[in-house]
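Q: Please take a close look at a single part of this structure, the interface, and describe it step by step for someone who has not seen it before.

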2 protein chains.
Amino acid sequence: MSTTVAYLGPPGTFSQEAAVNHFGENCEQVPCSTIDDVFACVQAGNAEVGVVPIENSTEGAVNNSQDCLADSSLLIVGEEVVSIEHHLLVPSDCEDMNITAIASHPQSLAQCRKWLKSHYREAELIECRSNADAASRVDADKGIAAIAGAMAADEYNLKIAQRSIQDQDHNSTRFIILGEQETTASGNDKTSVLIYTANKPGALFRILEPFENLGISLTKIDSRPSKKEAWEYVFFIDFEGHRHDEPVQELFHRLEDCTEAVKVLGSYPVFKPQS
Amino acid sequence: MSTTVAYLGPPGTFSQEAAVNHFGENCEQVPCSTIDDVFACVQAGNAEVGVVPIENSTEGAVNNSQDCLADSSLLIVGEEVVSIEHHLLVPSDCEDMNITAIASHPQSLAQCRKWLKSHYREAELIECRSNADAASRVDADKGIAAIAGAMAADEYNLKIAQRSIQDQDHNSTRFIILGEQETTASGNDKTSVLIYTANKPGALFRILEPFENLGISLTKIDSRPSKKEAWEYVFFIDFEGHRHDEPVQELFHRLEDCTEAVKVLGSYPVFKPQS
């Protein structure tokens, strides 16, 4: 039986590409209109797993996914990295369009910020829920073009007016796979946690000390507003190892003394690019 | 003679409010249309100082300002904190408008994410360069409302359809003042630095060690993609003290051994709320 996968839709998004890369083309796909909806869909049992973007190599964290992780009981059970190429898309039958507005997801607009500034400084930027949603709004009469990937161009019968317009060559996005069941150790795993600290001098140093002393490598650290008090922060940390590994168990034990709370977001196999 | 201040315009933005709070109502004001333009305006000598948002207490860092700081030779010479109240604005003569689109700056849309989701789930979200720009686009016939502050409502002759719709009560934004001249120590200062590290295990711990050993308190740490290599990060760190204080001089000396480079973004007096 194939897996039912909720993803940040509509069809044609990079999230769909991540879902297909991870679960194969025959997985049953449930497009959701927001990141919150992907979480809700899995939580409600309408899909076994969900796929949402968590971080882009140029633009940084996807704040909304981080906020949903903080509020949800779902676990991260896997990750998938997709290389992102953004194109400027116009209707496929269009020869010489006067572009006055460009639609895309805010992260994609940000990833093409310099290009937009030098080529379409005056164009209105229309924020959409996804790149595919932006592609569906392309309109020659209204002068609306879109920034999206090749998959969206196919899906909405558009052509590429300008190829690969993202500001950085090495532009990729990391997606997380959400589920309800803890994964067993694969031998090459990563663990994501959310750490709440008291707002005291040296708090972050004291959190990092046990990692250093136990020889556990951080692969990512990110601070976010705590949402409880202004100018208080929580830390999203990824590190090498599975939550059931002995050093990681000892780490959790030591963190009890220097944090307010630790929420384990999940342990999962490290992404391996297909060769 | 009054100071010439470039700010993220148009008139009616929270950046203007920060500029007026910091330099007084009689400062000469130069509205700029993007954060990049504020940097360029000061760099070109068309304004003595600039005012841009750097961090919101709900939504986190303003990525574009951080990226500009990394690329610019301008210094942070001061900070200003403004409490943010977002309102839903419609034309002042409008009784019962059918709202199909809501315009605002992406950070403001993010700060009202939950409210938008429960009240205007289907509305198109239009990303604008500023809240004031959004206010200028309000249009009863097209069904476009805006999210912006009271200053923008006054400026564009709008009325408040719904007051204080931001998701968090304690919503404020920290603005930085940009200039070319180093500030002298005031006795209660903060320093902002940008730290480049080798991508090695324990790198962040080794950066934080000298802070801990010298008793220098971090007030903020944030990681951003390095933009040089995918999945490499730089750290934006704020700490207590002035760059010419002796312990801070010693800190810079010790950081030489454990970083690739340290860029000092500026030392400046800590913001004191007016009572």
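**The interface between the chains**

A: Between the chains, 34 residues of chain A are in contact with 34 residues of chain B, two residues being in contact if their C-beta atoms, placed from the backbone, lie within 7 Å. This is a predicted model, in which local features need pLDDT of at least 70 and side-chain atom pairs count only at pLDDT 80 or more, while totals for chains, interfaces and linings use all residues. Residues are numbered from 1 along each chain as its sequence is written, and chains are lettered from A and ligands numbered from 1 in the order in which they are written.

On the side of chain A that touches chain B, at least two residues each come from helix 4 (106–111), strand 8 (124–127), helix 8 (203–214) and strand 13 (218–225) of chain A; here helices (H or I, at least four residues) and strands (E, at least two) are DSSP runs, numbered from the N terminus. Strand 13 of chain A gives the largest share of that side, with six residues. Sorted by class, the side of chain A that touches chain B holds 15 nonpolar, ten polar and nine charged residues, where Ala, Val, Leu, Ile, Met, Phe, Trp, Tyr, Cys and Pro count as nonpolar, Asp, Glu, Lys and Arg as charged, and the others, Gly among them, as polar.

The two chains are related by a rotation of 180 degrees with 0.0 Å of shift along its axis, which superposes chain A on chain B with an RMSD of 0.0 Å (by least squares on the C-alpha atoms of residues with pLDDT of at least 70 in both copies). That relation is the one of a two-fold axis. The same surface serves both copies, since 100% of the contact residues of chain A recur in chain B.

Helix 8 of chain A passes helix 8 of chain B in a left-handed crossing, meaning that the near helix is turned anticlockwise from the far one by less than a right angle, whereas clockwise would be right-handed. From helix 8 of chain A, the contact is made by A:Leu204, A:Phe205, A:Leu208, A:Phe211 and A:Glu212, and from helix 8 of chain B by B:Leu204, B:Phe205, B:Leu208, B:Phe211 and B:Glu212. The contact of helix 8 of chain A with helix 8 of chain B has eight nonpolar, no polar and two charged residues.

To place these elements in the chain, the domain assignment of chain A gives domain 1 (4–84 + 171–179), domain 2 (87–162) and domain 3 (189–269), with bounds that come from an automatic or database domain assignment. Inside chain A there is another contact, in which 16 residues of domain 1 meet 14 residues of domain 2.
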